Amino acid sequence: MPNPNDTHLQTPLRHTQPSSSSSTSRVLLLLTFLPLTLASLAFVLQWRGGITDPATRWSPPGSYQFPGMEASPLSPISRHSTPSASDCLNLGRSVSPSFPYYHDSKFDRGSNLKPKICITTSTSAGLEQILPWMFYHKVIGVTTFLLFVEGKAASPDVVRVLESINGVRLIFRTKELEEQQAKSRIWNETWLSGFFYKPCNYELFVKQSLNMEMAINMARDAGMDWIIHLDTDELIHPAGAQEYSLRQLLLDVPGNVDMVIFPNYESSVERDDIKEPFTEVSMFKKNFDHLPKDTYFGMYKESTRGNPNYFLTYGNGKSAARVQDHLRPNGAHRWHNYMKTPNEIKLEEAAVLHYTYAKFSDLTSRRDRCGCKPTKDDVKRCFMLEFDRVAFIVASTATQEEMRNWYREHVVWGDKDVKVKLLKKGILTRINAPMVIIQGLRESGIFDSVIASASATQSKDKFLSSITTSNSSKAVASQSLPSRKLGGSKNYQATARKALKIDANEWNEYAVPPQSPPGIETSKQL
């Protein structure tokens, strides 16, 4: 017989069991949704900038921005950060704020960019040098290239590739071109006359000036805003801009400025077996204009290492000019204007990186381009800079082993203690951005793609036509009239000068030649 007390006890138990189950369910529900709620809240806060992702906090500096930007004083990344290998893979991403112009291998968005920048050069180099040089400058915002080609640069294979690239115009050194340049007003003016009728570097200097004069008209017709004369062993390093961009750098230039001067840095090679300077050289010697004067002169002896000057070659930089009426070249390094003295500024951070004598073979290649005698007297009429003169004599008279030893002593930075000391003083500096950009372009297959595409798409008729044109220009170039014979048609020159109605004193400012940096004797004057 059931106990009434037991029944009384069982009844409450039947009523309390559902309540316990409900509490358990609530706890489980809370435990389920609480982490999801916290995760959602964390995501929202992080997206809005409220907290820092621990993964980002502890990742190496520079691993989430364009490599090489750590060299820019405006970059939030530390100067001492080291680009990771994976950064090269980011070169093709158009979303990077510091790498804004690489959208595809054709760089077709250049027509929408302002200001429009044109680079002109006179070259006989091959594709192994021209393509990295050209696409690097496309990456930083250059839209148009005016290439005055001869020698290897005018060969059929090179021409076929260059003509297939968007924004490139080739001008061949033909008889017609030389006849046209023989009518230039330059021949009847005084500012370049000191370079006429001389061989080698002087003749090249005149040829570059004549080409620059033609390039100005082409740039104006193409609607360019800026024009720069640059050799194919030089890269512009647009430090100081908000992004690694030459376009941004020139966009920030005040509207009343006519010319912008880029001081040059000189490559400082650390080996004698460099094959591709753009991707193997990262150490540069800074320009006098970018150094404290006491540092420059105080470390002058260690910097020169027994060479004639602080730089091996020139030290007066290159320049960009705003395309405008009456613009003219003022030698290969500067621009001028027939109607006024240009308002110019010198950039405090940006530079031209000059890869000079970066390869051992540069000794013999420079020698082979000049027919002067290897004597102290004859080289003075062929070369403007002392190191070029000495290098020519060495390359013309020494054995291969002697040349190698001389190159190691005077060009290669082999003394680690001196190198470290100059790096600490800021005379030497590491610049990685060009190396990373060009290596990234190469690894992405752009260069191979351009070459393959040119071979695949060019029609047979166009190919044969380019061969005819190139062979013609190459033949003419080999028989090219020296500068002393290019000054015909004085009537044309006199007419052009008279039309401007300018006093002769207005254009008596002589062309700016390649100049060495200040020597130690200058410190006494300062």
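With 80° about the S-S bond, the link of Cys 200 and Cys 370 is right-handed. This is a predicted model, where local features need pLDDT of at least 70, side-chain atom pairs count only at pLDDT 80 or more, and totals for chains, interfaces and linings use all residues. Residues are numbered from 1 along each chain as its sequence is written, and side-chain values use heavy atoms, leaving out hydrogens and water.

**The link of Cys 200 and Cys 370**
- The sulfur atoms of Cys 200 and Cys 370 are 1.7 Å apart and form a disulfide (a pair of cysteine sulfur atoms within 2.5 Å).
- Cys 200 sits in the loop between helix 5 (175–181) and helix 6 (201–221), and Cys 370 in the loop between helix 11 (362–368) and helix 12 (376–380), so the pair ties together parts 170 residues apart in sequence.
- Helices here are DSSP runs (H or I, at least four residues), numbered from the N terminus.
- Cys 200 counts as buried at 16% relative accessibility, and Cys 370 counts as buried at 10%; buried means under 20% relative accessible area, with a 1.4 Å probe and protein chains only.

**The link of Cys 372 and Cys 382**
- Cys 372 and Cys 382 form a disulfide with sulfur atoms 1.5 Å apart.
- Their S-S torsion is about -90°, so this disulfide is left-handed.
- Both Cys 372 and Cys 382 are buried.

**The whole picture**
- How many disulfides does a search of the whole structure find? The search finds two.
- With the bonded cysteines of the chain numbered in sequence order, the pairing is 1-2, 3-4.
- Cys 118 is buried, with a relative accessible area of 0%.

Technical notes. Helix = DSSP H or I, 4+ residues; strand = E, 2+ residues; numbered from the N terminus. Buried < 20%, exposed > 50% of the residue type's maximum accessible area, 1.4 Å probe, protein only.
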